[in-house]
Amino acid sequence: MKRRNVMTGAALGAAALATPALAQGRMEWRMVTSWPMNLPGPGTAATKLAERISALSSGRLTIRLFAAGQIVPALGVFDAVSQGTAELYHSVPAYWLSKLRGIGFFGSFPFGLTAQEQSAWINHGGGQALYDEAYARFGLKPFLCGNSGPQWMGWFRREIRSVDDFRGLRFRTAGLGGEMYRRAGATVVTLPGGEIFQALQSGTIDAAEFIGPWSDSPLGFHQVAKNYYWPGVQEPSSAEECGVNKAAYDRLSDDLKLAIKVACQSLHDEVVTEYDHRHAVTLRQLVAQHGVQVREAPRDLLIALGHAAGEVVKELRDDQDALTKKIAEAYIAFRNLSAEYMVYSYAGQFNSRALPIRWS
């Protein structure tokens with residue numbers, strides 16, 4: 001996919017801001033997103049979500065999708081839906097820490113839960129009730145609707161051999177992972193996906209993380225930064241979310257509420273597994289066709305980042321906002337419980353596959 005095609009979005013007139021259409025019991029809602037139109041990964045997932053809600057409601061609730069910048073800027077979708085300018089959005093929780101720091105736990109946390117663990121916490125460990133409580137402050141009803149899985153540390157214009165090389169870098173990142181990187185010495189810059197390439201190309205930033213190979217490739221980062229570092233400890237997973245204006249949601253009939261819930265839940269597994277597959281395919285292409293250098297982050301940098309993440313955890317557990325403290329305690333308790341088991345289950349399986357055995 002050409003980078004210019006990903007970035008294209010038609011300008012819209014006043015009709016885009018019109019009230020939702022109502023005809024014979026049918027409604028049209030607007031979905032605003034934080035992504036360029038058809039961006040592989042979150043952009044295509046947003047399209048699928050809009051189509052799925054429309055299909056599951058048998059056309060009674062149709063969703064008209066708008067890319068970043070068509071109605072509101074990429075980072076303006078939370079406020080737009082909260083205020084009723086649009087009825088729902090597709091984005092990531094990492095962008096809303098200025099609203100409530102505890103929101104970061106619903107998206108990702110440095111050295112935290114994987115996509116599967118995150119889904120387990122939300123669905124079975126009490127996470128959804130806390131998610132609802134946090135977003136209700138802003139007149140929103142939230143749903144997880146996907147996850148990119150483990151992200152990459154990102155694209156670096158020059159090689160990083162130690163934690164000293166990392167200190168002072170102007171680094172595009174976001175969320176609680178960004179706070180971790182800041183404490184480890186980076187100058188953190190938060191930019192929407194569509195603005196990262198130009199900043200890397202011009203030297204305004206020295207490095208950037210976004211998602212992973214599949215979503216990063218069409219944005220062209222590899223053209224200006226050949227060093228691609230792993231692991232992305234800032235986001236062991238990164239949840240995608242659908243935020244719905246709560247007043248509009250509460251007015252829906254129960255079957256239409258269920259259509260939104262089922263659309264989000266059914267898309268989650270599809271999105272996670274598509275990322276896993278397409279990241280693997282795209283990484284091979286980046287290395288073979290574009291000369292990308294896959295590099296492991298220096299051990300001393302990872303240790304420094306782990307200590308910084310620990311400082312962030314402590315602050316959130318002592319936060320002045322009681323709800324942030326409650327979310328932090330619940331998240332950490334679930335992480336500890338899951339970690340006890342995962343070392344035997346999934347970690348055990350991955351470690352056994354790394355043994356020197358013959359496999360045709």
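Looked at what comes after α2: S58 follows the helix and has a positive phi, near 55 degrees. I'm counting helices as DSSP runs of H or I with at least four residues, and strands as E runs of at least two, numbered from the N terminus.

Housekeeping: this is a predicted model, where local features need pLDDT of at least 70, side-chain atom pairs count only at pLDDT 80 or more, and totals for chains, interfaces and linings use all residues. Numbering runs from 1 along each chain as its sequence is written, and side-chain values use heavy atoms, leaving out hydrogens and water.

Checked the length of α2 (residues 42–56).

Then I looked up burial in α2. Buried there are P42, G43, A45, A46, L49, A50, I53 and S54 (under 20% relative accessible area; exposed is over 50%, partly exposed in between, 1.4 Å probe, protein chains only).

Next, salt bridges: I get 24 in the structure (side-chain nitrogen of Lys or Arg within 4 Å of a carboxyl oxygen of Asp or Glu). K48 and E270 form one at 3.2 Å, N to O. K48 sits in α2 and E270 in α12 (residues 254–290), so the pair ties together parts 222 residues apart in sequence. K48 is partly exposed at 24% relative accessibility, and E270 is partly exposed at 28%.

I also noted E133 with K326, closest N and O atoms 3.0 Å apart. E133 is in α6 (residues 127–136) and K326 in α14 (residues 322–342), so this pair links parts 193 residues apart in sequence.
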